[in-house]
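Trainee: I am new to this structure. Please pick one part and take me through it closely, then connect it to the rest.

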Amino acid sequence: MFTVLLQATIGLALVLILRRPMRRLFGASPAFTLWLLPPMLALLPCLPAAPSRWLSLPEMAVLPATRALVAQITPAASPGHWVFLIWAIGGALCLLRLARHYQQLLRQSRPAPDAMVHVLQADFPGLDPRRLRLHPAGPALLWGPCSMLLLPADFLERFDPRQRHLVLQHEHAHLHRGDALWSLLGELMLALLWFHPLAWLALPRLRLDQELACDERVLRQLPQDEAGYAHTLLHSTGVDVAPMFIPWLTQPQLKERLTMIQRPRPGTLRRHIGFIVVAMSMAGAVFVAQATVKHDAGDVHATSHVAGILSQTTPHYPESAIKNKEEGTVVLTVLIGADGQPLRIVSVNAHEVAPDLIQAANDTIMQWRFKPATKNGTPIESYARVPITFSLDEKTSPAPSTTTGTHFPTSPSI
């Protein structure tokens, strides 16, 4: 979890630093694609990356009868449980807020009258009437299974035909770019990172970059309407930003959007070069992150001695698992530090085994002590794969509760 958070933080920091220079050099559209970087880096540690060689331990059997063996040393709930609980509550509240706001927007919207639809289709022939709804906060785009265009009831009176065409062109560009889905993704990431200051700092800037990229697309299609586009923005009424909602204009964005309209925009070649530069930058960031993960995993090819176990205890069979008749083999990957202590434990088959059994095995292995692997005589970090079988069958023989000086051979990478 810490690695995922660190990678997401690095991604957010890089985007916040690079977005303005990239926009000035290559345009708003390539700069907006930089926002792919945080989720890419955040997901990177979740990808399987097995080290080159493993310490493979024999399977340990745990029976209900062995629960008294380690009852006295089974640790209480760790502080990590409370941290996870607080994070989960905060994320759930953010998601509830998102769902509540979405329901409010749906309740406040209503179908557009046929007369208005006919006028709008004359102003903008590409308009899909099935996506059209009336809402006082429009013009705006609302995410949904089918993204909807929200317009105010006085839209025809507020804007003249040319202005209506520009506004609809802008909203159609949002639909074509899939920006409503991007806004939802940003809100979901904020719900997951609700505690992170950079996440709150990044979301309004993602929205701004989204609007700038959309403006740039419209002005590429209608370069003769720059003055009219700026005039329409200046004489529009801004609305508050809301989750899952892309308004035509918010006041904090107005200055940046007008500035972008006045500046010369990069040509097609520079824009394409910008996309290539962004792609190469993201590939480089992913490569560096992968190299870091591999370095963390340790290169055990040149080790002269592999890790072994100095002491181990048998896991406690959870009472709740016995009551629910939960069984299964927990397979854990353990990162062993140079001092022989477990540094990080990851469940290989978390989706196949009950969480109580995984937690029992995890808590116990954190108490084990290993003989660290060595490279050229120096202790180094290495990995071990530990299978532990929880069985309610009394015929299964449990493994010994302690082992001293045990040494296991390595097996090929898997």
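Mentor: What follows starts with the aromatic rings and then turns to a strand pair, the backbone and the cysteines.

This is a predicted model, in which local features need pLDDT of at least 70 and side-chain atom pairs count only at pLDDT 80 or more, while totals for chains, interfaces and linings use all residues. Residues are numbered from 1 along each chain as its sequence is written, and side-chain values use heavy atoms, with hydrogens and water left out.

The structure holds six aromatic pairs. Rings of Phe, Tyr and Trp (its six-membered ring) pair if their centres lie within 6.5 Å; planes under 30 degrees apart count as stacked, over 60 as edge-to-face and the rest as tilted. One of the pairs is Phe-84 with Trp-87, which is tilted, at 5.6 Å centre to centre and 40 degrees between the planes. These two residues sit three apart in helix α4 (residues 79-108), so about one helical turn separates them. Helices (H or I, at least four residues) and strands (E, at least two) are DSSP runs, numbered from the N terminus. Trp-87 has a relative accessible area of 27%, so it is partly exposed; buried means under 20%, exposed over 50%, and partly exposed in between (1.4 Å probe, protein chains only).

Phe-155 and Phe-159 are tilted too, because their ring centres are 5.3 Å apart and their planes at 50 degrees. Phe-155 is buried at 0%, and Phe-159 is buried at 4%.

Burial also marks strand β15 (residues 382-390): eight of its nine residues are buried, so the rest of the structure largely encloses it. β15 pairs with β10 in the antiparallel sense over nine bridges; two strands pair if DSSP finds at least two bridges between them. Within this pairing, Ile-388 of β15 is the bridge partner of Val-330.

The loop between α13 (319-323) and β10 (328-336) contains Lys-325. Lys-325 is not a glycine, yet has a positive phi of about 55 degrees, and is exposed at 69%. Most residues other than glycine have a negative phi, and most peptide bonds are trans. The peptide bond from Gly-138 to Pro-139 is cis, with omega near 0 degrees. Pro-139 lies in the loop between β4 (132-134) and β5 (140-142).

Last, the cysteines. The structure holds zero disulfides, a disulfide being a pair of cysteine sulfur atoms within 2.5 Å. Cys-94 counts as buried at 17% relative accessibility, and Cys-214 counts as buried at 0%.
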